[in-house]
Amino acid sequence: MRGLLCSPLPVLLLLLPPWEAQLQSTGPKCRTGPLDLVFVIDSSRSVRPFEFETMRQFLVGLLRGLDVGPNATRVGVIQYSSQVQSVFPLGAFSRHEDMERAIRALVPLAQGTMTGLAIQYAMNVAFSVAEGARPPEARVPRVAVIVTDGRPQDRVAEVAAQARARGIEIYAVGVQRADVGSLRAMASPPLDEHVFLVESFDLIQEFGLQFQGRLCARDFCNGVDHGCEFQCVSEGRSYRCLCPDGRQLQADGKSCNRCREGHVDLVILIDGSKSVRPQNFELVKRFVNQIVDFLDVSPEGTRVGLVQFSSRVRTEFPLGRYGTAAEVKHAVLAVEYMERGTMTGAALRHLAEHSFSEAQGARPRALNVPRVGLVFTDGRSQDDISEWAARVKEEGIVMYAVGVGKAVEEELREIASEPPELHVSYSPDFSTMTHLLDNLKGSICPEEGISAGTELRSPCECESLVEFQGRTLGALDSLTQNLARLSARLEDLENQLARRK
């Protein structure tokens, strides 16, 4: 007998009897390396008693196949309906027997389906150090498995995006009446590996087998000195290295490219107004750090400053403060959300008058280091931007504008340098901003964008003058050719009109 997935999902789940035994390890436990794993279980009234019992047995069978322990996999379980209840936290048990005893004693809550509330609890409480999760600096993977049978009665997309932004990998398992759209909104990418939908609780064991197999697939990376700069992915008895969005794997197969061919002074302005909301502000900070990932941050390379604006403007850190990408990223994560209004004009004035001063860490103009401003905003400015949008560009600052949600296109184009198609980016939602990374990298990255091949040298050196002259003559030659083609086209049109008369 086969149970088929709904057509939008690519994974086929089979009924494999007797299923609880299949989830139990017949040999040595799968050693995944350190892992913090939290199960988020739907115990709403729509889950009937015998279905809940099936889910209970599924959990027991899955746990028996894991290598649990203080230095291995730590497991926590929470259940939810209209409220959230911790069955046991990550730091409670290190033996399978204790976990099974707590799961078998579990009494369903049998109320509503507040899945968003459960995700928020998992993010803020279940994965906290106080509950037994290892601290972020330990870089232990955090995985949440959400099992639900219905449509959430609250919003899940934003809180799930915030959880993913904090580094929690989410698997969404839907049973019977579960809403596919909600599952996809909750799960981590790629969705075909993190979203499962089964026809009944009797078929949930196949997810357990696949999930267990994926945990075991982590073994190879954990067992070798892989040397991957960013992320190692096991593939059978081998592995491959991955790079973050916007960066490419180098020829050594381990390191990720950075902007190393030039020098930039980059100041990023982020909108901290009330309309952004706290969870989206966290996504903006994560996005800023993804930009930092592809820059060669150093006193001699790229310098980065950060300014936040709302009803007032605050320099979070100036260009000259941090000399490494790690220091910049740590400072970005520590930024506190301001809320209140949206005074974009005041922020642009601050950028022009203060952020690129030598006192703030900008390099002297004589060194020809490109000055770049990057503005993030999600709405219409409450003050006039025209004067200072023009002034920053008159100061020689190359401006990029990134709009999200209700950002106003006219304002973005006024802020940005010409041409707008290279300097304006837009995303309808904060959770989907990452697709803008490639565009920004191609523009900001010195080896690919405005400052390709920039060298720190005096503009009065002979080589600089010759290079400038050559570029100018080339541009003039190209302009002359374009004008000649345009003149020929106009003459042809005039002849056509004359013939018609």
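Student: Let's start with Arg277: where is it found?
Tutor: Keep in mind that we're looking at a predicted model. In it, the residue sits in a loop, and the elements on either side of that loop are β9 and α10. So the place you want, given that Arg277 is partly exposed at a relative accessible area of 34%, is the loop between β9 and α10.

Student: What is phi of Arg277?
Tutor: Most residues other than glycine have a negative phi. Arg277 is not a glycine, yet its phi is positive. The value is near 75°.

Student: Arg340 also has a positive phi. Is Arg340 buried or exposed?
Tutor: Arg340 is in the loop between α11 and α12, and its phi is near 70°. Exposed means over 50% relative accessible area. Because its relative accessibility is 62%, Arg340 counts as exposed.

Student: Which loop holds Pro190?
Tutor: Most peptide bonds are trans. The bond from Pro189 to Pro190 is cis, with omega near -5°. Pro190 has its place in the loop between α6 and α7.

Student: And what is omega for the bond that joins Glu418 and Pro419?
Tutor: Pro419 is in the loop between α14 and α15. The peptide bond joining Glu418 to Pro419 is cis. Its omega is about -10°.

Student: Moving inside, which element gives the most to the largest nonpolar core?
Tutor: That core has 32 residues, and those with the most contacts inside it are Ile268, Ile270, Leu374 and Phe376. The elements giving two or more residues are β9, α10, β10, α11, β12 and β13. With seven residues, the top contributor to this core is α10.

Student: How many residues are in the other core that lies apart from it?
Tutor: In soluble globular proteins, nonpolar side chains tend to be buried together. Here another core lies apart from the largest one, with Ile41, Val47, Val60 and Ile103 among its members. Its residue count is 30.

Student: Which residues does Ile270 touch, not counting those up to four places away in sequence?
Tutor: Ile270 belongs to the group with the most contacts inside the largest nonpolar core. Leaving out residues up to four places away in sequence, it touches Phe281, Val284, Val288, Leu306, Val307, Gln308, Phe309 and Phe376.

Student: α10 also meets α5. At roughly what angle do their axes cross?
Tutor: The axes of α5 (residues 157-165) and α10 (residues 278-293) come within 9 Å, and the crossing is left-handed. From α5 the contact uses Glu158, Ala161, Gln162, Arg164 and Ala165, while α10 brings Gln279, Glu282, Leu283 and Arg286. Those residues divide into three nonpolar, two polar and four charged. The crossing angle is roughly 35°.

Student: Within what arc do the buried residues of α4 fall?
Tutor: The buried residues of this helix are Thr115, Gly116, Ala118, Ile119, Ala122, Met123 and Ala126. An α-helix has 3.6 residues a turn, so residues three or four places apart point the same way. Seen down the axis, the buried residues of α4 line one face of the helix, because they fall within an arc of 165°.

Student: Which elements do the buried residues of α13 pack against?
Tutor: The buried ones in α13 are Trp388, Ala389 and Val392. They cover an arc of only 105° around the axis, so they're on the same side of α13. Just after α13 comes Gly396, with a positive phi of about 85°. The packing partners of those buried residues are α12, β13 and α14.

Student: What separation do the C-alpha atoms of Ala347 and Ile385 have?
Tutor: Ala347 is in α12 and counts as buried, at 1% relative accessibility. Not counting residues up to four places away in sequence, Ala347 touches Leu269, Phe309 and Val313. Ala347 and Ile385 are 38 residues apart along the chain, and their C-alpha atoms are separated by 9.1 Å.

Student: Last one: what percentage of the chain's residues are buried?
Tutor: The chain has 17 helices and 14 strands. Of its contacts with a separation of 6 or more, 74% link residues 24 or more positions apart. Among the 501 residues in the chain, the buried share is 50%.

Notes. Residues numbered from 1 in each chain as written. Predicted model: local features only at pLDDT ≥ 70, side-chain atom pairs only at ≥ 80, totals over all residues. Heavy atoms only, no water. Axes fitted to C-alpha atoms, helices over the stretch in contact; angles between N-to-C directions. Helix = DSSP H or I, 4+ residues; strand = E, 2+ residues; numbered from the N terminus. Left-handed = near helix turned anticlockwise from the far one by under 90°. Contact = heavy atoms within 4.5 Å. Nonpolar A, V, L, I, M, F, W, Y, C, P; charged D, E, K, R; others polar. Core = buried A, V, L, I, M, F, W, Y, C linked by side-chain atoms within 4.5 Å. Buried < 20%, exposed > 50% of the residue type's maximum accessible area, 1.4 Å probe, protein only. Arc of directions from axis to C-beta.
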